[in-house]
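Visitor: I would like to learn how to read the inside of a protein model. Could you take me through it step by step?

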Amino acid sequence: KKDSGLNGGTPLSYLKTIKAIAKSAHYDRLLSEDPFYLLSTKSLQYKDVIKKEVLTEDELMLLFKTPCSNEFVRRTFFWGCYTGMGMGEIRILKWSQIKIDAKELKYTRGKTGNKVVLHLNSFAEKLLFGLNRKNTLVFGGYKMLSNPGVNKVISKWVRSAGIDKHITFYCSRHIFGTRVLRTSNNLKVVAET
């Protein structure tokens with residue numbers, strides 16, 4: 001873990017994968033013994049895992065009122081908070097996936113391949129105001145920063161709002177999840193979005 005440069009839950013996830021491969025190889029008699037048989041991952045679980053932070057409704061409103069140096073980052077971060085979409089999905093979002101009259105958004109989760117249909121609330125609709133619909137991509141009129149560039153802008157923006165939390169773009173999905181949980185009080189609904 002120290003020498004890998006990995007952090008969070010990634011090292012533990014890799015270790016579990018390697019353990020499963022070794023167990024399977026031992027079962028298939030490709031290995032004479034399972035080298036990880038006595039290694040328990042339970043004591044390693046989530047000790048040093050960085051928890052994703054979320055913003056409260058008040059902090060979201062504070063951030064909304066705070067100027068951001070990059071309009072692409074501002075709009076897409078809030079879009080993620082109100083739709084649960086990741087940056088990869090937002091970068092390829094097409095106008096054809098949004099039905100303004102029906103207040104509906106349809107897309108496929110990049111990570112899972114699950115099809116998602118969401119009702120667009122009024123705030124999400126307002127984020128689309130002023131965007132050029134002649135572009136195929138919804139946010140295609142903006143110069144799209146790299147993911148590290150996006151996170152750098154978010155970090156400065158959050159600090160200038162006076163919020164003392166480590167917020168990255170990925171946190172927008174967690175913010176969406178907590179907002180859905182707060183209103184639905186149903187973990188199954190959160191898991192499906």
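Visitor: Is Phe78 buried or exposed?

Guide: Phe78 is buried, with a relative accessible area of 1%. Buried means under 20% relative accessible area, exposed over 50%, and partly exposed in between, using a 1.4 Å probe and protein chains only. This is a predicted model, where local features need pLDDT of at least 70 and side-chain atom pairs count only at pLDDT 80 or more, while totals for chains, interfaces and linings use all residues. Residues are numbered from 1 along each chain as its sequence is written, and side-chain values use heavy atoms, with hydrogens and water left out.

Visitor: How do I read a pair of aromatic rings?

Guide: A pair of aromatic rings is described by the distance of the centres and the angle of the planes. Rings of Phe, Tyr and Trp (its six-membered ring) pair if their centres lie within 6.5 Å; planes under 30 degrees apart count as stacked, over 60 as edge-to-face and the rest as tilted. By this rule there are 10 aromatic pairs here. Phe78 and Phe123 have ring centres 5.7 Å apart and planes at 80°, so the pair is edge-to-face. It links distant parts of the chain, with Phe78 in helix α3 and Phe123 in helix α5, 45 residues apart. Helices are DSSP runs (H or I, at least four residues), as are strands (E, at least two), numbered from the N terminus.

Visitor: What about the rings of Phe78 and Trp157?

Guide: Their centres are 5.5 Å apart and their planes at 85°, so this pair is edge-to-face. Here Phe78 in α3 is linked to Trp157 in helix α6, 79 residues apart. Trp157 is buried too, with a relative accessible area of 2%. Ring pairs join Phe78, Phe123 and Trp157 into a cluster that also includes Phe64 and Tyr82.

Visitor: How do I tell which way a helix faces?

Guide: An α-helix has 3.6 residues a turn, so residues three or four places apart point the same way. In α6, Val150, Val153, Ile154, Trp157 and Val158 are buried. They cover an arc of only 130° around the axis, which puts them on the same side of α6; the arc is that of the directions from the helix axis to the C-beta atoms. The face turned away from this buried side carries the exposed residues Pro148, Lys152, Arg159 and Ser160.

Visitor: Which helices do the buried residues of α6 pack against?

Guide: They pack against α2 (57-65), α3 and α4 (87-91).

Methods: Contact means heavy atoms within 4.5 Å.
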